[in-house]
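Dear colleague,

Please find below the structure that I am handing over to you.

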Amino acid sequence: MNANLKRTAVVTGAAQGIGKAIAARLLQEGHRVGLIDIDGPALEASCAELGAGGQCIGVQADVGSPPALKSAILSAADRLGAPHILVNNAGFARDGALESMKLDDWDSIHHVHLRAAFLAAQTVLPFMESAGWGRIINISSISGGGHADRANYCAAKAGLDGLTRALALELGPRGITVNAVAPGMIVTRMTSATANRLGRTLDDHIARAADNIPVRRTGRPEDVAHAMAFFASEAAGFVSGQVLYVAGGPV
């Protein structure tokens, strides 16, 4: 595919935080971007803020619902063109100890983090295969290595890492690379929920985290977007099946 050709990207969980930063970076790179999110008002506000002269559209959908996810991706394709970049970013946390975790807390996390990534990849595959070029980037987490009281989230992210490697092997011969970005402590809306769960103020939680990060700061959504931009580029054509930790130090 011509390196100068503008492409269509689809980003899930794109109304705010990391997903919004990723969408902004893809627009900056000159791509058309379809933002998918369950939060309609936030999605509308983000699209209005990002603007980009019709190069950015929002589609409200719950990615935990297979029909809704497929419909949203196909809607973006109809309005912007065949998607050749997919960023699976949608996610949320429902932390808790093993003995108190409800089955719905387990299932809902896996449906949004892992099952949706699988289904989104299935949906965009025909478009990428037809072009002989594609980029799938999964937003994982250092939690894939395990954290206490997050069994559902950790298992889903570990599964996402495995899915990344499996699809890289399967889709590489078709011109499609598959990689993952695994953020560490990135300050987003979810950070406040974690701080509350631990009984800390947000400022104290961020300060404690920074003290344990070699570069002595917490991450920003843009840090994740920078890594994603490399994986989405022509320059990453010989890089596939990798999990890149964006965590301010070794993991």
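The notes that follow describe helices, cores, loops and a few single residues.

This is a predicted model, in which local features need pLDDT of at least 70 and side-chain atom pairs count only at pLDDT 80 or more, while totals for chains, interfaces and linings use all residues. Residues are numbered from 1 along each chain as its sequence is written, and side-chain values use heavy atoms, with hydrogens and water left out.

Helices (H or I, at least four residues) and strands (E, at least two) are DSSP runs, numbered from the N terminus. Helix α1 covers residues 17-28. Buried here means under 20% relative accessible area, exposed means over 50%, and partly exposed lies in between (1.4 Å probe, protein chains only). In α1 the buried residues are I18, G19, A21, I22, A23, R25, L26 and L27. Just after this helix, G30 takes a positive phi of about 100 degrees.

Two packed helices are described by the angle between their axes and the distance between the axes. Axes are lines fitted to C-alpha atoms, for helices over the stretch in contact, and angles run from 0 to 180 degrees between N-to-C directions. For α1 and α2 the angle is about 30 degrees and the axes are 11 Å apart. Angles under 35 degrees count as roughly parallel, over 145 as roughly antiparallel, 65 to 115 as roughly perpendicular and the rest as oblique; α1 and α2 are therefore roughly parallel to each other. Their crossing is right-handed, a crossing being left-handed if the near helix is turned anticlockwise from the far one by less than a right angle, and right-handed if clockwise. K20, A23, A24 and L27 of α1 make the contact with S46, E49 and L50 of α2, where contact means heavy atoms within 4.5 Å.

**The nonpolar cores**

A nonpolar core is a set of buried Ala, Val, Leu, Ile, Met, Phe, Trp, Tyr and Cys residues joined through side-chain atoms within 4.5 Å. The largest such core has 32 residues, of which I22, L26, L35, V87 and I137 touch the most other members. Two or more residues each come from β1 (8-12), α1, β2 (32-37), α2 (40-50), β4 (83-88), β5 (134-139) and α8 (221-232). Helix α8 gives the most, with seven residues. Leaving aside neighbours within four places in sequence, L35 is in contact with V11, A14, A23, L43, C47, L50, C56, I57, G58 and V59. Another core, of 29 residues, lies apart from the largest one and has V59, A61, V63 and L80 among its members.

**Helices α4 and α5**

Helix α4 (residues 103-131) packs against α5 at an angle of about 15 degrees, with the axes 8 Å apart. That makes α4 roughly parallel to α5, and their crossing is right-handed. Among the residues that meet are W106, H110, L114 and F118 in α4 and Y153, L160, L163 and L167 in α5.

Two further residues of α4 may be noted. T123 lies in this helix and counts as buried, at 12% relative accessibility. Residues up to four places away in sequence not counted, T123 touches K70, I73 and L74. T123 and P66 are 57 residues apart in sequence and 10 Å apart in space, C-alpha to C-alpha. S130, also found in α4, is exposed, with a relative accessible area of 67%. Its C-alpha atom is separated by 9.8 Å from that of H84, 46 residues apart along the chain.

**Single residues elsewhere**

Most residues other than glycine have a negative phi. D149, in the loop between β5 and α5 (151-171), has a positive phi near 65 degrees and is partly exposed, with a relative accessible area of 38%. R216 is not a glycine either, and has a positive phi of about 60 degrees. R216 is placed in the loop between α7 (202-211) and α8 and counts as exposed at 54% relative accessibility.

Finally, T194 lies in helix α6 (residues 189-197) and is buried, with a relative accessible area of 19%. Beyond residues up to four places away in sequence, T194 touches D95 and H205.

Conventions:
The expected span of a helix is 1.5 Å times one less than its number of residues.
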